[in-house]
Amino acid sequence: MITYESQRVAYPYFIVALLLFALQVVIGLWLAVNYAFTLPQGLVDVFPFSTARAMHTNLLVLWMLLGFMGGTYFMIPVESRSELFSTRLAYVQLIVLVTTGVAALIGFLFGWTQGRPLLEIPFTLDIFIVIGALIFLFNVAMTLLRANNWTVIQGTLLGGLASLALLYLFGIPFYKNLAIDWYYWWWVIHLWVEGAWELVTGAIIAWILMQITGVERQVVEKWLYVEIGLFLFTGITGTGHHYYWLGAPRYWLWFGGIFSALEPLPILLMVVDTFRHVKERKLQIVNPVVWIFAVGCAIYHLIGAGVWGFIHTLPQINYYTHGSQVTVSHGHMAFFGAYALLNLTVFYYAFPKLKGFEHFHQNMGKWGFWVTSSAMFVLGLAFGVAGVLQSYLERVLGMGFMIAQAQMQLWFKVAIGSGLVFLVGVIIIIYDLLRMKPAEVRR
Ligand code: HEM
Ligand code: HEM
Ligand SMILES: [Fe+2]
């Protein structure tokens, strides 16, 4: 059951996010087909790899941001003990963002793109994204200011969301000097996923853990301070791990290597923190599935971002792996572990409440978790093996790109297989969330 009527605006955000997630995965499969097989040139001319890739990654960013926004709208009425400032603004914002997103996807098909990976959206549409983001920030800030029941969780969330919006601005202008252009590109990409998004994650996970375990706020928030401090310190200095080979001064090799190697620490702390909360829990956990997703998120976050990130972060290794399928392996494991599972945790927590009950049948959700998580692991390994091969063949033996690709095709076929299983997992989750029915609590 929801406590505040305005929490309902979260529902359409979640539904759109889930649909875009499914579409993202289907296009991911198509990308793997492009690598695994030689496609007819006529087809490639009409629907090139770069277009499909732009759709895959922009859908990813869009569904995750919509999920965060819906999650925020679901959470802040309870946290600040007041209705949202305006539900109408929240709906207008959703329409603006979704329309812009759809326009961008159609635009990509006709070559309307700025060309930079992950930030392909053209300038005109960027303006609408900024408008949507401003409506969102205004609505959230006004709700919190009006309620005036500030907590560390609210502050962290608002800080994370505001810096997320601010950083996007650095990716809008185009610099003719490509070194400078890439320099600022990382301000969005890196400082998003290893800075702003981590703050949002910290706040949301802390809140959900507090809700489902009943652990005291002071305990949760004390840790949040430490985590955020460390996340900001290592995340900001860690940006240096992207400045090795783009024409920036040499000292970045040292600076980026050392500080980014510390980045797994706050993530590890988050896992330890999560387990402490379970031990100290005061309530019986009503829906174990939420719990599985939350713990899974903490652990997978550590594996995908912390371990997989650490593997290639030192310049001595990155020299060989830079921009190879090793990077792609890490990109998938980290995004899935940290942010897909975070969103799914929020959905599983919020959906029964939005539908007006507390307890639901847990089986399908558990299957959804294990199928997606293990399939993503195999997918990550397949890209990883392809990446190690690629690094060796191209960077050690000096083979040409296409000759090396031919040796990697087997692993892209494995990627298609595991990707299909992953898609099944996503369908299970979407079906389960949409068709969820109340169940009796077993004592
Ligand atoms: C949840 C957090 C993270 C996410 C979502 C994430 C995601 C990504 C993505 C998508 C890329 C590829 C960007 C591109 O070139 O297109 C990337 C690159 C990279 N990431 Fe992460 N990452 C995370 C955390 C980390 C951490 C903690 C480390 C280090 C300890 C790390 C180290 C790296 C490095 C070194 C690269 C550059 C690879 C190259 O040179 O090609 N990442 N990350
Ligand atoms: C069926 C499942 C999926 C398959 C087969 C797949 C396949 C691919 C392929 C082939 C690429 C292009 C890599 C390149 O440019 O060399 C790609 C890019 C990417 N995908 Fe997926 N994908 C899938 C699902 C996902 C999911 C669930 C996520 C996130 C949660 C994701 C995140 C990404 C990211 C961040 C990139 C850019 C990586 C980079 O720049 O290094 N993908 N995907
Ligand atoms: Fe980074």
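Guide: Happy to! For packing, an axis is a line fitted to C-alpha atoms, for helices over the stretch in contact, and angles run from 0 to 180 degrees between N-to-C directions. Helices themselves are DSSP runs (H or I, at least four residues; strands are E, at least two), numbered from the N terminus. This is a predicted model, in which local features need pLDDT of at least 70 and side-chain atom pairs count only at pLDDT 80 or more, while totals for chains, interfaces and linings use all residues. Residues are numbered from 1 along each chain as its sequence is written, with chains lettered from A and ligands numbered from 1 in the order in which they are written.

Visitor: Good. At what angle do H3 and H6 pack?

Guide: At about 150°, and the axes of H3 and H6 (residues 152-168) are 11 Å apart. H3 and H6 are therefore roughly antiparallel to each other; angles over 145 degrees get that name, under 35 is roughly parallel, 65 to 115 roughly perpendicular and the rest oblique.

Visitor: And which residues make that contact?

Guide: Thr 72, Ile 76, Glu 79 and Ser 80 from H3, with Ile 153, Gln 154, Leu 157 and Leu 161 from H6. Contact here means C-beta atoms, placed from the backbone, within 7 Å. By class, four are nonpolar, three polar and one charged. Ala, Val, Leu, Ile, Met, Phe, Trp, Tyr, Cys and Pro count as nonpolar, Asp, Glu, Lys and Arg as charged, and the others, Gly among them, as polar.

Visitor: OK, over to H1 and H15. How far apart are their axes?

Guide: 9 Å, with H1 (residues 10-36) and H15 (residues 401-435) at an angle of about 165°. That makes H1 roughly antiparallel to H15. Their contact has 19 nonpolar residues, three polar and one charged.

Visitor: What about H14 and H15, what's the angle there?

Guide: About 170°, with axes 8 Å apart. H14 and H15 are therefore roughly antiparallel to each other too. The residues of that contact divide into 26 nonpolar, eight polar and two charged.

Visitor: How far apart are the end C-alpha atoms of H14?

Guide: 48 Å, which agrees with the 50 Å that the 34 residues of H14 (363-396) should span at 1.5 Å a residue. The expected span is 1.5 Å times one less than the number of residues. After H14 comes Gly 398, which has a positive phi, near 75°.

Visitor: Switching to the ligands: which residues come nearest to ligand 1?

Guide: Ala 305, Gly 309, Gly 331, Ala 334 and Ala 338, out of 24 around ligand 1. A residue counts as near if its C-beta atom, placed from the backbone, lies within 6 Å. H7 (178-213), H11 (288-311) and H13 (325-355) each supply at least two residues of this shell, and H13 has the largest share, with six. The shell holds nine nonpolar, 13 polar and two charged residues.

Visitor: And how many residues surround ligand 2?

Guide: 23, the closest being Gly 28, Leu 31, Gly 331, Phe 335 and Gly 419. H1, H3 (49-80), H13 and H15 each give two or more residues. H13 gives the most to this shell, seven residues. Around ligand 2 there are 15 nonpolar, seven polar and one charged.

Conventions: Two residues are in contact if their C-beta atoms, placed from the backbone, lie within 7 Å.
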